[in-house]
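Have the structure open beside you and try each task before you read its solution.

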Amino acid sequence: MHERIAIIAITETGIALGHLLKSLLVADGFAGCKLFSSRAAEGVEPIESVPAFVRQSFGSFDAFLFIGSLGICVRSIAPVLQSKQLDPAVINCDESGRFVQSVLSGHAGGANALAGRVARLLGAQAVLSTSSDVQGLWPLDILGREEGWSVEFASPVAGETITTAMAAFVNHEPTTLLFDIRDALTDQLERTAPPFVTMAYRYEDVDFSTCRLLLAVTPRLIDAPVQTICYRPKVLCVGVGSERGIDPERFVSSISEQFASKGVSVRSIRSVGSVDFKLDEKAFVAFAESCGVALKGFAPERLESAGPVPNPSDVVFRKTGVHSVSEASAALLSGENRWLVEKQKVALDGFPEGQPRHYTFAVSLLRGAERRGRIAIVGAGPGDPELVTVRGRRYLEKADLILYAGSLVPEKLTHCAKPGALVRSSASLSLEEQFALMEQFYRQGKFVVRLHTGDPSIYGAIQEQMAFFDAEGFEYEIVPGVSSFQAAAAVLQSQFTVPEKVQTIILTRGSGRTPVPDRERLSELARARATMCVYLSAEWSDEVQSELLEHYSPETPVAVCYRLTWDDQQVWRGRLDELSALVRQSGKTRTVLLVVGEAIGARGGRSKLYDPAFTHGFREGRGA
């Protein structure tokens, strides 16, 4: 956001801090930083005086960072201020670098965010005075800006503005937050909503008898009886077709009117597309440019492969070789064959028959944006509830159904479930019964978490679940987890890769009730003498020991790890030729990980990464 930053230092002490800040900001990605002072100094761009420089260059920088007295900063900027929409960010830092204050354009100009960033670079205290930041509330005027949301304000009361809406918000007046789409930011807003904000997912569910302010994240047009801030997420995908040479200005005006008549906002348009030989159609180019996007073209055969459309046309096929342009384009842009607005046939007013005046358009909602059922396959980690990822924990707190692998995942991992959530162990359920339960919740538009031990991708048995989800067209995602092999390294206080000694970790299992390919037998993998983590194999420890001894030496360190990070965790350590005896001593055969390799407990060897004589992309070596 701040590509050009002017750092203005008043004193010699300030200049020294300015040099440091400039180097830190440049390293942090702000390449357009310049340091100015009326004092002559090396590496400083000279100016006649601070007020004169500010007067001449106030519109030339995205941000001004004053180092020195706040009074000098205020007196310098006062004569050139215009409005919060136009003024650049202004922040002020004392010479000792203890406090960084946002002075001007805290939200619109990004001064609050910049002050926070500079404070973190200096280890200083950010000083913010805007009410929403002090209270930890959302900045309504710039909410969603980084995600490309646009903001609109409407009120049935004359004289009310977005400023009065923001005042109502910071004064905790009853507020409803309406979502009818979903993305990462709406998920975050759901998590961080203050107590005076009520959630709604359909306009019909908003209780206007208690609502004083409506915040609506929606591509749809609404006319509410209270002051309303509408946020327009970029989720609409538009396909267009027309006769050749249709008038650009009238086309843009007409299709905008059509959007309004269908109750959707052109400000939510994410993409515009058509058949590729219409990429030079001036009307389409003008419309795409008015939406701030590039026109996307699809080859006829790609449009034909888009799948069945609700309104195919044999007439269009005879002329273009495709049965659908607008609906197929919208589907391809959105990623799925669903339409918010099916093909509309429109004729421009005022043009006689025979002149180019007919066009079609269709609108689809971006895949994943519709608020419907959702599934997350979450890695629970090795057992300790604090080792689930932040995202995994967040999903567990939001889920309507938590289906967890009860024989492998500690039940207390589910204690963070919200009130009313269904928490069910899958240990006694067949795969078909699990599918039926998840499908029931999904089709009700609810959130399902399938909780697997460790990381789902490692012996997680998720492939058949994903095949079912794919076949049913269900939306799902995978949240990685901390695997037990990583927990083993932590518990054993070992680095499983040792410089110049062991650079490979093998995750595998022995050949028990489920055979492994011959090329992956332990005796073959043992040739590398890497750090080997053997899952699901304690029951066959005699065979494991025998196969590994074909290439590892008998004194190779081993560890038998039971329920790593659980409350009843146990670890037995010894030599490879004692492995089967250690397993028998433990009396454990389930939830056991066998670890083999010289890296266990090793302390020799040194990485070159931090060797002072080693040169790399971030540091020049200083010689041996």
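The exercises below concern a predicted model.

**Exercise 1.** Work out the strand order of the five-stranded open sheet and name its edge strands.

*Solution.* Begin with the order across the sheet, which is β8-β12-β11-β9-β10. The pairing in this sheet is mixed. Next, look for strands that pair on one side only: these are β8 (150-154) and β10 (197-200). From one strand to the next, the twist averages 20°.

**Exercise 2.** Describe how β9 and β11 pair, and find the bridge partner of phenylalanine 179.

*Solution.* First place the strands: β9 covers residues 175-179 and β11 covers residues 213-217. They pair in the parallel sense, over five bridges. Now follow phenylalanine 179 across to β11, where its bridge partner is valine 217.

**Exercise 3.** Trace the seven-stranded open sheet, then inspect the pair β4 and β5.

*Solution.* The order reads β3-β2-β1-β4-β5-β6-β7, with mixed pairing. At the edges are β3 (45-46) and β7 (125-127). Within the sheet, β4 (residues 63-67) and β5 (residues 89-93) run parallel, joined by five bridges. As one example, alanine 63 has alanine 89 in β5 as its bridge partner.

Technical notes:
Residues numbered from 1 in each chain as written. Predicted model: local features only at pLDDT ≥ 70, side-chain atom pairs only at ≥ 80, totals over all residues. Heavy atoms only, no water. Pairing = 2+ DSSP bridges. Helix = DSSP H or I, 4+ residues; strand = E, 2+ residues; numbered from the N terminus. Axes fitted to C-alpha atoms, helices over the stretch in contact; angles between N-to-C directions.
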